[in-house]
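Welcome! Try each task before reading its solution.

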Amino acid sequence: MEKPYGLLAELTYACPLQCAYCSNPLELDAYRDELSTEDWQRVFAEAAELGVLQLHLSGGEPLQRHDIVELVQCATDLGLYTNLITSGLGLSTRRAEQLLAAGLDHIQLSIQADEAALNDQIAGTTSFERKQVAARLVKQLGWPLTLNVVLHRQNIDRIGGILDMAVAMDADRVELANTQYAGWAGHNRDELLPTRDQLERAEAVVRAARERLGDTMEIIYVIPDYYSKYPKPCMDGWASRQFTVVPNGEALPCPAAHELGRALDLPPANVREHSLEWIWESAPLFQQYRGDAWMPDPCRSCDRKEIDFGGCRCQAFALTGDAARTDPVCHLSPDHGIVEDAVAAANDPLRPQESSLTPRSKLIRTKKRTTVSTRGMSATTLVQFSETILKGRQ
């Protein structure tokens with residue numbers, strides 16, 4: 001077991017957007033009782049003591065926390081590298097200047113497309129122009145800017161325009177990550193999974209852009225798991241390098257593991273009740289899939305088990321109901337037919353062209369309490385980001 005170097009702090013699941021690809025949990029009501037400012041400050045201090053170097057502030061929309069500047073200042077005082085993952089909505093000039101003064105190191109701005117109409121349709125709210133303003137503000141204040149675009153069937157054909165937009169925004173890094181099918185994205189998978197033709201065209205555009213731009217802008221492109229021969233090394237192994245704390249204080253080995261503990265009848269690991277050190281070293285959920293003793297065949301006898309660690313436990317659970325199964329995206333998995341059927345459906349020329357996406361429920365924070373609106377009722381690659389930052393510091 002290694003010490004973690006990254007903490008994803010999901011400060012709130014409140015968000016002004018209603019993206020159908022959101023990986024937040026479907027049952028948002030369970031996360032209304034958010035950690036206080038003092039709770040988060042203690043969590044950050046314990047994380048630093050545990051060895052964490054990088055703090056990713058996310059949500060939902062972290063700017064909806066009134067104490068975001070205070071939390072950034074706390075992390076800065078602890079010597080943590082801070083990365084704000086935001087939609088940009090709520091990043092006023094005054095708030096940005098406060099965050100800069102508090103020591104915020106980096107901003108990762110999400111955008112849904114390069115055209116206002118499509119962006120706003122996917123986001124579920126008028127937001128494109130405000131995101132453009134936020135990007136200009138980030139660069140004016142001297143922050144490095146990562147542009148984060150989650151790709152799917154609805155926007156992947158715009159990848160050339162998205163890259164041109166990133167160049168125009170003077171982005172230092174653009175992350176083009178195809179959707180991970182957890183939360184709302186899992187619910188909407190059939191309408192989000194792209195076709196092979198779409199992926200081939202997108203990959204050609206990315207290759208050409210990399211050749212044209214050289215090292216002036218880093219381009220990260222992640223293909224969908226469903227089209228891979230082998231699974232990705234999810235989080236570089238279960239509870240191995242990074243972990244997540246969600247708004248109600250539960251600590252998770254993976255950002256998508258909200259339901260696993262309950263499904264396995266394991267006690268929750270909550271920072272209100274336990275120290276981060278105990279959670280990391282002893283919590284049953286964190287121990288459950290560490291190492292390789294839990295692995296079934298074909299993983300147990302596979303020479304790739306220390307490369308991809310059996311794939312994603314959350315994906316295995318979502319697709320098979322058993323988190324200990326070999327990730328079905330692996331072509332060696334006995335459950336690979338589940339993925340093959342989904343891919344076949346996505347590429348069926350007779351499938352209806354009209355799509356119907358279920359937007360993410362809107363969680364609204366108020367001063368006294370948090371309420372859920374069901375009106376209109378789908379990852380960032382943190383390991384890659386962390387490795388980039390670590391290389392820059394070495």
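**Exercise 1: A charged pair between loop and helix**

In this predicted model, Glu250 is buried, with a relative accessible area of 13%. Find the partner with which Glu250 forms a salt bridge, and classify that partner's accessibility.

*Solution.* Start with the partner: Glu250 forms a salt bridge with Arg262, and their closest N and O atoms are 3.6 Å apart. The pair links distant parts of the chain, 12 residues apart: Glu250 sits in the loop between strands E8 (242-245) and E9 (251-252), while Arg262 belongs to helix H10 (residues 260-263). Next, take the accessibility: Arg262 has 45%, so it counts as partly exposed.

**Exercise 2: Lys232 and its partner**

Which residue forms a salt bridge with Lys232, and is that residue buried or exposed?

*Solution.* The partner is Asp225, with the closest N and O atoms 2.3 Å apart. The cut-off for buried is under 20% relative accessible area. Asp225 has 7%, so it is buried. Lys232, at 26%, counts as partly exposed.

**Exercise 3: A network**

Which residues are linked with Glu34 in a network of salt bridges?

*Solution.* The network links Glu34, Arg65 and Asp67. Within it, look at Glu34 and Arg65, whose closest N and O atoms are 3.2 Å apart. These two lie 31 residues apart, Glu34 in the loop between strand E1 (6-10) and helix H1 (37-50), Arg65 in the loop between strand E2 (54-58) and helix H2 (68-77). Both Glu34 and Arg65 are buried. The whole structure holds 24 salt bridges.

Notes
Residues numbered from 1 in each chain as written. Predicted model: local features only at pLDDT ≥ 70, side-chain atom pairs only at ≥ 80, totals over all residues. Heavy atoms only, no water. Salt bridge = Lys/Arg side-chain N within 4 Å of Asp/Glu carboxyl O. Helix = DSSP H or I, 4+ residues; strand = E, 2+ residues; numbered from the N terminus. Buried < 20%, exposed > 50% of the residue type's maximum accessible area, 1.4 Å probe, protein only.
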